[in-house]
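You asked for a colleague's reading of this model before you work with it. Please keep the sequence and the structure open while going through the points.

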Amino acid sequence: MDLRLYDYPPSGNCLKVRILLGHLGHPYERIETDIFGGDTLTQEYADKNPARRTPLLEADGVYLPESSAILWFLAEGSPYLPANPLGRARALQWLLFEQERVGAIAAVRFRLHTGSVTPEDPIADKMRAAGRSALASLEAHLTEHMFLVNDRYSIADIANYCYTHVADDAGIDLGDYPMVESWLRRIEGREGFVNDLAPLPETARVGRGLSIYG
Ligand SMILES: N[C@@H](CCC(=O)N[C@@H](CS)C(=O)NCC(=O)O)C(=O)O
C-alpha cells in the first residue's frame, strides 16, 4: 500500500499516526503541513479533507481523516488492533474516550500556548478539571491493568498516550497519577516507539498565523 501522511509535527493527533507507522515499519511519505502557515486553507487541501485538519492519510490515492479512523485502518490485521469482537469494541471505547475526555488536556495546553486563555482564567480551570477527571479514569483502569485493552499494547494506548504525556504543559501535575506515569513509561519502552512531537511554534499564538482557528 502506498501511504502518504499529511502531518503537522507539533500535533499530538498526528503523533499517534507516526507512532503506529513506526511500530508497523511501513514506509510512508510524510508531507509536512503547516496548519498555521495556511497549508490547510488552500482549495487543494480542502479537496482532500473538507475539514481542513491534520492528520490526513492518503492510502493508494484514497483520503482518510481523523486520527482514530487512521489508527484503526492501519492497525487492521496487526497486533495493535485486537481480532476478537469484544477486544475491538474495547479498543473503540478507548478511542472514543480519548476524543471525548483526554481532548480536554489537548485543548487547555493548546489555548495556554496560543494565549487565548491565561492560566488563571476560569475557562482554563474548567478544562483542567475535565483533563484531571480523564486522568483519574485512566489511573483507576491502570491500577488493575498493564494496558488499556486486554492488557496488551494497542492503538488504544497509542491514542491515549499522545496528549496525556504532555499534561504537565496544560498545568496538570502528572505526579498525581502514578499508574498513568508508569503506563506512559511502558509505552515509551515498546520496540520501535518514537515520540518526535515538535514544540508548538510562535505562529500558533493568536493573531500570528493562519489557521481554521482564525
Ligand atoms: N478529531 C481529529 C482532530 C484533528 C485536529 O484537530 N487537528 C488539528 C491539529 S492537532 C488541525 O489540523 N487543526 C487545523 C488548524 O488549526 O487549522 C483527529 O483526531 O484527527
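The numbered points below take up the basis of the model, the sheet, the helices, one serine and the cysteines.

1. This is a predicted model, in which local features need pLDDT of at least 70 and side-chain atom pairs count only at pLDDT 80 or more, while totals for chains, interfaces and linings use all residues. Residues are numbered from 1 along each chain as its sequence is written, and side-chain values use heavy atoms, with hydrogens and water left out.

2. An open sheet is formed by four strands in the order 2-1-3-4, with mixed pairing; strands (E, at least two residues) and helices (H or I, at least four) are DSSP runs numbered from the N terminus, and two strands pair if DSSP finds at least two bridges between them. At the edges lie strand 2 (29-32) and strand 4 (62-65), each of which pairs on one side only. Neighbouring strands of this sheet are turned against each other by 20° on average, direction ignored; axes here are lines fitted to C-alpha atoms, for helices over the stretch in contact, and angles run from 0 to 180 degrees between N-to-C directions.

3. Strand 1 (residues 3-7) and strand 2 run parallel and are joined by four bridges.

4. Helix 1 (residues 12-24) lies across strand 1 and strand 2, and runs at about 150° to strand 1. Helix 3 also packs on the sheet, where it touches strand 1, strand 3 (56-59) and strand 4, its direction making about 125° with that of strand 4.

5. S67 belongs to helix 3, which spans residues 67-75. With a relative accessibility of 3%, S67 counts as buried, a term that means under 20% relative accessible area (1.4 Å probe, protein chains only). Apart from neighbours within four places in sequence, S67 is in contact (heavy atoms within 4.5 Å) with N13, K16, P55 and Q99. The side chains of S67 and K16 are also joined by a polar contact of 3.1 Å, that is, a pair of N or O atoms within 3.5 Å of which, within protein, one must be able to donate a hydrogen and the other to accept it, residues adjacent in sequence counting only if both atoms are side-chain atoms.

6. A search of the whole structure finds zero disulfides. C14 is buried, at a relative accessible area of 0%, and C162 is buried with a value of 0%.

Terms used:
Buried < 20%, exposed > 50% of the residue type's maximum accessible area, 1.4 Å probe, protein only. Disulfide = S-S within 2.5 Å.
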